[in-house]
Amino acid sequence: MPPEAPLFSIIIPVYNRPEEVDELLDSLCGQSFRSFEVIVVEDGSERDCRQVVQLYKERLPVQYIYKQNSGPSASRNRGAQDARGDYLLFLDSDCLTPPHFLKAIYDFLQKEKAACFGGPDTAHPGFSPIQKAINYAMTSRLTTGGIRGGKHFNPYRFLPRSFNMGVQKKVFQEVKGFAEDMRFGEDIDLSLRIRAHGYPTVLIPEAWVYHKRRTKLWQFFKQIYNSGMARVYLSERHPGTLKLIHLLPSCFVLFVAASLLLALVSPFALLPLLFWALLIFMDALVNYRYPLRVALTAVAAAFLQLTAYGIGFLHAWVRRKLLRLPQKHAFVKRFYE
């Protein structure tokens with residue numbers, strides 16, 4: 001008699017990150033809710049995590065799949081093929097789950113049969129100063145992060161991101177999973193297609209994860225730059241989804257450029273930027289209770305977040321709207337950086 005199917009199938013795409021998979025699997029061992037399976041999909045890594053997964057065979061119902069490198073979307077879709085759960089939960093390998101993570105999702109689904117949902121992210125106390133600063137930039141109300149799950153955020157406006165995303169399996173199959181021809185923004189594309197099929201997407205505030213994100217500021221810049229480009233491509237696939245809020249980082253970039261030029265005439269032109277930097281510093285120091293070093297780094301991370309997104313958006317807009325050039329893609333293996 002086959003074992004009873006779990007409620008959740010946790011799918012983790014990975015490329016060259018065995019240490020992260022080790023930490024994530026260890027955190028999943030501590031889940032208070034136990035009706036789940038784990039599917040690790042190795043996307044053609046040179047440093048695979050096969051042996052790491054093997055170490056958890058006695059502690060977790062975990063499956064390992066190796067495939068040729070074709071990107072995280074294809075890897076998630078491959079994991080979904082073998083999933084037995086009613087719900088597919090997608091986690092990135094650089095996440096850690098608190099013990100209540102699955103229980104929070106289960107409790108929510110007992111009250112509301114959501115077809116697609118996601119949770120926020122935060123920084124673990126043990127993260128590096130740069131990781132904490134990047135977490136600030138991605139969650140603060142003084143950047144664009146505050147629009148994705150803040151205290152007064154409407155949970156039904158939320159578009160789940162693939163680092164912490166759940167989809168009912170039958171709905172995932174109905175919309176044909178992640179678009180494998182998309183290199184960036186594929187999670188937002190999936191959320192929008194699910195909505196187009198008549199299913200709401202919702203935020204579960206209690207279902208948060210610790211998200212390491214990048215370990216270097218230049219890696220963070222590249223990641224957010226790609227997100228800015230993706231927003232233009234998404235607006236082509238999903239007309240009407242481009243909002244005023246998506247233009248603010250580009251306005252910030254133009255404002256910074258104008259301020260620097262005017263500063264050649266009068267240094268007072270830099271005062272608005274200095275005031276904004278001071279607000280960031282004090283917010284990180286007081287509201288986030290970060291130490292001085294992290295608060296200072298948060299200023300740099302917030303600046304990079306807005307400028308990277310704005311530059312990426314402007315670059316893609318010029319390519320697509322003015323020059324009519326095709327979408328610009330990177331090598332698949334670079335998507336995990």
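Seven strands form an open sheet of mixed pairing in this predicted model, in the order 3-2-1-4-8-6-9. Strands (E, at least two residues) and helices (H or I, at least four) are DSSP runs, numbered from the N terminus, and two strands pair if DSSP finds at least two bridges between them. Strand 3 (62-67) and strand 9 (201-203) each have a single partner strand and stand at the edges, so one side of each is left without a neighbour in the sheet. On average, neighbouring strands of this sheet are turned by 20° against each other, direction ignored. Within the sheet, strand 1 (residues 8-14) pairs with strand 4 (residues 87-91) in the parallel sense over four bridges; here S9 stands opposite L88 in strand 4.

Two helices pack on this sheet, as the table shows. Contact means heavy atoms within 4.5 Å. Axes are lines fitted to C-alpha atoms, for helices over the stretch in contact, and angles run from 0 to 180 degrees between N-to-C directions.

| Helix 3 (residues 72-82) | strands 1, 2 (36-43), 3 and 4 | about 140° with strand 2 |

Strand 7 and strand 10 (residues 209-211) pair in the parallel sense over two bridges, and the bridge partner of D121 in strand 10 is V209.

Residues are numbered from 1 along each chain as its sequence is written, and side-chain values use heavy atoms, with hydrogens and water left out. As the model is predicted, local features need pLDDT of at least 70 and side-chain atom pairs count only at pLDDT 80 or more, while totals for chains, interfaces and linings use all residues.
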